[in-house]
Amino acid sequence: MTQLRALTLFAFMFVFAFAKAQTFSVKGTLKDKTTQQPLEAATVFVETTKDTTLVTYTITNAKGIFELEGRTPLKKVALNISFVGYENYRKVLDLSQGSVNVGDILLDYETATLDEVVVKSRAPITVKKDTLEFNVKSFKTKKDANIEDLLKELPGVEVDEEGKIRVNGKEVNKILVNGKPFFGDDPTIATRNLTKEIVEKIQITDTKTDDEAFSGEEGDRENKTINLTIAEENNKGVFGRLNAGGGTDDRFEYAGIVNLFNNDRRISVLAGGNNINSPGFSFGEIQKMFGNGGSMYVNSNGSFGIGGRRFGGGNGIINSRNVGANYTDEISEKVDVNADYFYSGANSTNDTRTERESILPDSRFFTNSNSRTRGNNDNQDVNLTVNIKPDSTLFINIRPSFSAARARNFNGNKEESFNEQGVLINNSSLASNRENIGRDFSNTISVTKRFGNRGAFLKLRVSNEVNRADSEEFLNSTTEVFGGDPVLIERNQFTDGETNLDGFNGDITYRIPVVAKKLFIDAKFSYRNDQRDRRRSTFDFDETTQGFTMFNELLSTDFSARNIRTTPQLSMRWNTEKMNLSFGGGYVFRTLENEDVLRPELNISQNFEAVELSSYFNYRFSPKMSTYLGYNLTNTPPDVSQLNPFVDVSDPLNIIQGNPNLGPSNNHSLYAGFNNYDFQKGGSYYANLNGNITNDAVTSRTIVDENLVRNTTYVNVDGNYSLNASTGYDKSVKLDSLRTFKYGAGLYGNFNRNINFNNGVQYASKTSSLTPNASISFTWKDLFEIRPRYNISFSTTQFGIEAFDDQEFVNHNLRINTGFFAIKHVEWRNDMLYNYNPNVAEGFQRSSWFWNTTVAYSFLKDNATLTFKVYDVLNQNTNARRTANANFIQDVQSTVLQQYFMLSLSWKFNTLGKGGETGNDSFFFF
């Protein structure tokens, strides 16, 4: 009854909001005052006359025409027009008639003198060639919103529960602040810890390296970069946040970040830790602390599975700790630097129960196992970027990097295998203690020289990598095979190993402009040489000496492998304002060598040659709409370990031998996409398509003998291909300055055909999956918000062998996020997820309601926040997963984080100009 009343109240408020506002439209045409030519991509927006609150916006088309539609209870609004290089336009309109046609509007060039004040544009969105720019003040969010909250309000931008960002289906892999990196490759450090108030603009563009941006190259078309530009008045001061909390079952969290901004100089320091499975850096926000949900996945080998609850950083319990620092500065007009240090450590524990049904052409067998893992890992990373511009035509980029890691892990496992009659065929037990120590240094130097103003450049790039890894392992195992010829294998061993990598690669590119700034020919030559040494020395325990002194040559290896690749390339590029076209090719000369010090008769040396091709086409119909198409042919050699005929018997039940007759794989990849921003209606649409065909794919072939011992080698096969497509649409309806309704829908489809082997019998598996999703959100500023999202996944696999039954899986996920802030200084948020896996085996949990809740109270001028959190309110967290392919069906259940209650206190401080200023007290506290 309570839920029914809440839904009725929600429906009443929604209808009331629509009824109160009136519909209006504004039409017109924008032209250059001097030439009378239409102006395309100008921003046209309507705002209130009283407080300049945005009502709606659009951009002009190729003919300069615009049409604004919206709803507002106001009778008068202000029409604004903004276009780069032209004077701003503003006019008050009377909406009493509902429809207004302003006719032709003529804009004159902007002519500002040195002593005039430059007026900043308030346009909500600006299109600048390949960059889309959003004005932060035009998008309303909750008070004290961070960048992630703001991104969720932008058209075409999606942010999932883990903080991953997609723009029109393409992943954002880099976040910049004023054009400079902010704590390396973790975007959430910026999006969840920088507040909206300090940011002026958000710019979205294709990801480029520093030298690509300088030379004018296209960059990475499959990923996006978001640049946060900070207003000048907010770019000097100190801001940050501190947090600590404790809870039941000895759960804890602590975190702190301090930022010192002084125009071009930025210094940031952070630290944090917790034992609530949040291995990244966070302040315990409900979205990140509680991790991601279950999902269905399809692997490249034709297998697929249903993932259960894996909240908070994966399986098991993780106790993590982090410390980091970032420094960015412009040393002079010609030199700028960016440096960061990051330490991360984690202790983990996990217990896993697995049940597997293995399928053979003429029989089946069953394996049950229980495992326990304990780990302790420490990692340190230091990165430095130095950009030097001696003059406007020369750019030098230097990027050294150093990392060190140490991991100590214990693994215990017990396993039993039975035939179809339930007779025990073999069993095994294992206990392993292993320590790994790794050190890695790499450095890349790039020098780019531009010539003239036609687009010509010469670029030289060299890089090297030096990697050293040492390992020690104590192993105690027992393997027993029953039947007519029983076997007992007992091992008590110590293994000392080391892996060394010395790599060098370089390339030189020369761009020749055929038509200035439009048609180019790129000539490129690249070279790569990787030398990898791998040694593993195993010693058996000697009862006489009571030490590990007996060298076991059968289980020991000493390999030295080399991979040399030389590739000349030639390509052509054609760029216009609306179109980008490129195509090119290269010829690969590759040498693979492997020296076996212990078994010289197994030495191999092979040469491969192959053609590689690439092409890309992009066309922009308008600033709102674009399409792209591309094709790539790539060549991938087999790994040296797959070529080496050495027989690996380190696992007596899984014996592996390489195949020296393997050839390289050729992959044909075709991709296409379409994007459409509907700025007027607050919506966006995208569609992406990807197809792959692989010839001579390297796949494993396994034969299981009568004792259920697996013997595996590798072969080349033809006939692997895949096709996947995705589409999405979202739209935001602004009811008025307080209420916003947003809805979206998407569809993801995948089809894979893969050649595999089952006990030596070749078959072709065909797996298809379809995942539709839908979401809505309703936000009433300063009162509440609700964001439900639902997806259902269907997957079917046909194995192509009569003895195998086709597999069908269905998975349901419903997620509901709510927020209530009607009471001043109080915020109540909920994250609820329903997960249903009907195909999980008996004895494993198939469904669960997972509900997390948090109540926060802000005080001391909203600078301090006291938060009470409940993890897994209903105490139903589970971690059951099913995986299936033609070889087996497997169910796994692992340790998960259980219900807890936590109370935490956080304090924020900010002296950055006007935005969020807290005065001298906050600075004194810092």
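**Figure 1. Parallel pairing of strands 35 and 39 in the predicted model.** Strand 35 (residues 654-657) and strand 39 (residues 710-717) run parallel and are joined by three bridges. The model shown in this and the following views is predicted. Asn-654 has Arg-710 of strand 39 as its bridge partner. These strands belong to an open sheet of four strands with mixed pairing, in the order 34-35-39-38. At its edges lie strand 34 (647-651) and strand 38 (697-704), each of which pairs on one side only. On average, neighbouring strands of this sheet are turned by 30 degrees against each other, with direction ignored.

Figure 2

**Figure 3. Bridges between strands 2 and 5.** Strand 2 (residues 43-48) and strand 5 (residues 76-82) run antiparallel, and six bridges join them. Among the residues involved, Thr-48 has Val-77 in strand 5 as its bridge partner. Strands of a sheet pair through backbone hydrogen bonds, in either a parallel or an antiparallel manner.

**Figure 4. The largest nonpolar core and the surroundings of Leu-151.** The largest nonpolar core comprises 41 residues, of which Leu-151, Leu-194, Ile-202, Ile-226 and Leu-228 touch the most other members. When neighbours within four places in sequence are left aside, the contacts of Leu-151 are Val-157, Val-159, Ile-165, Thr-191, Ile-202 and Ile-226. A second, separate core has 20 residues, including Leu-30, Leu-79, Leu-93 and Val-100.

Figure 5. Pro-788 lies in strand 43 (residues 784-798). Its relative accessibility is 22%, and Pro-788 therefore counts as partly exposed, given that buried means under 20% and exposed over 50%. Not counting residues up to four places away in sequence, Pro-788 touches Ala-774, Ser-775, Ile-776, Arg-815 and Ile-816. Pro-788 and Asn-817 are separated by 29 residues in sequence, while their C-alpha atoms are 6.1 Å apart in space.

How values were computed: Residues are numbered from 1 along each chain as its sequence is written. This is a predicted model: local features need pLDDT of at least 70, side-chain atom pairs count only at pLDDT 80 or more; totals for chains, interfaces and linings use all residues. Side-chain values use heavy atoms; hydrogens and water are left out. Two strands pair if DSSP finds at least two bridges between them. A nonpolar core is a set of buried Ala, Val, Leu, Ile, Met, Phe, Trp, Tyr and Cys residues joined through side-chain atoms within 4.5 Å. Buried means under 20% relative accessible area, exposed over 50%, partly exposed in between (1.4 Å probe, protein chains only). Contact means heavy atoms within 4.5 Å. Axes are lines fitted to C-alpha atoms, for helices over the stretch in contact, and angles run from 0 to 180 degrees between N-to-C directions.
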